[in-house]
Amino acid sequence: MESSYLIGSIVVATLATYATRIIPFLLFRNREPSPLIKYIELTMPVMIMVILVFYALKDVKWESYPYGLAEIIGVGIAIFLHVRFKNALLSIFVATLAYMILIQNVF
């Protein structure tokens, strides 16, 4: 394969990706967002977190030792920290760290 073909492909892919990201901002910059978009903007982070929690818990063996205790403790820590400090990064990082410590050293 020629290097000019590869370079051309990369340039076209880069421009297409950039265009799909910037065009909505250019088209709608002077418009007020609809109530539906505002609602989605407010609720999307919570929806994503719920999906991630269910995805993470789907393969837990609830019927055998340790009965998902590390996962339950990790989710509990994440919920507590998020309710207390309202900081998603803090709650995700600390809960993940606690879960990793639990599965490596305790369970």
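Colleague: Leaving aside its neighbours within four places in sequence, which residues is Ser91 in contact with?

Modeller: Contact means heavy atoms within 4.5 Å, and on that basis Ser91 touches Ala78, Leu81 and His82 once residues within four places in sequence are left aside. Before we go on, note that this is a predicted model, in which local features need pLDDT of at least 70 and side-chain atom pairs count only at pLDDT 80 or more, while totals for chains, interfaces and linings use all residues. Residues are numbered from 1 along each chain as its sequence is written, and side-chain values use heavy atoms, with hydrogens and water left out.

Colleague: Where does Ser91 lie, and is this residue buried or exposed?

Modeller: Ser91 lies in helix H4, which covers residues 88-106; helices are DSSP runs of H or I with at least four residues, strands are runs of E with at least two, and both are numbered from the N terminus. Buried means under 20% relative accessible area, exposed means over 50%, and partly exposed is in between, with a 1.4 Å probe and protein chains only. Ser91 counts as buried because its relative accessibility is 4%.

Colleague: Which other residues of H4 are buried, and how do they sit around the axis?

Modeller: The general idea is that an α-helix has 3.6 residues a turn, so residues three or four places apart point the same way. In H4, the buried residues are Ser91, Ala95, Ala98 and Leu102. They lie on the same side of H4 because they cover an arc of only 65° around the axis, the arc being that of the directions from the helix axis to the C-beta atoms. Helix H3 (69-85) is part of what covers these buried residues, whereas the face turned away from the buried side of H4 carries the exposed residues Leu89, Phe93, Gln104 and Asn105.

Colleague: How can I check the length of H4, and what is found at its start?

Modeller: The expected span of a helix is 1.5 Å times one less than its number of residues. The 19 residues of H4 should therefore span 27 Å, and the distance of 26 Å between its end C-alpha atoms agrees with that. At the start of H4, a side-chain oxygen of Asn87 comes to within 3.1 Å of the backbone nitrogen of Leu89.

Colleague: Which residues does Ile72 touch, not counting residues up to four places away in sequence?

Modeller: Ile72, in helix H3, touches Trp62 and Tyr67 when residues up to four places away in sequence are not counted. Ile72 counts as partly exposed because its relative accessibility is 45%. From Ile72 to Phe107 there are 35 residues in sequence, and their C-alpha atoms are 13 Å apart in space.

Colleague: How many helices and strands are there in the protein chain, and how does its radius of gyration compare with that of a compact globule?

Modeller: The chain has four helices and zero strands. The radius of gyration is taken over C-alpha atoms, and the globule rule is 2.2 Å times the number of residues to the power 0.38. For 107 residues a compact globule would be near 13 Å, but this protein chain has 22 Å. Its C-alpha atoms fill a box of roughly 55 × 50 × 25 Å along the principal axes, and 10% of the 107 residues count as buried.

Technical notes. Polar contact = N/O pair within 3.5 Å; in protein donor to acceptor, adjacent residues only side chain to side chain.
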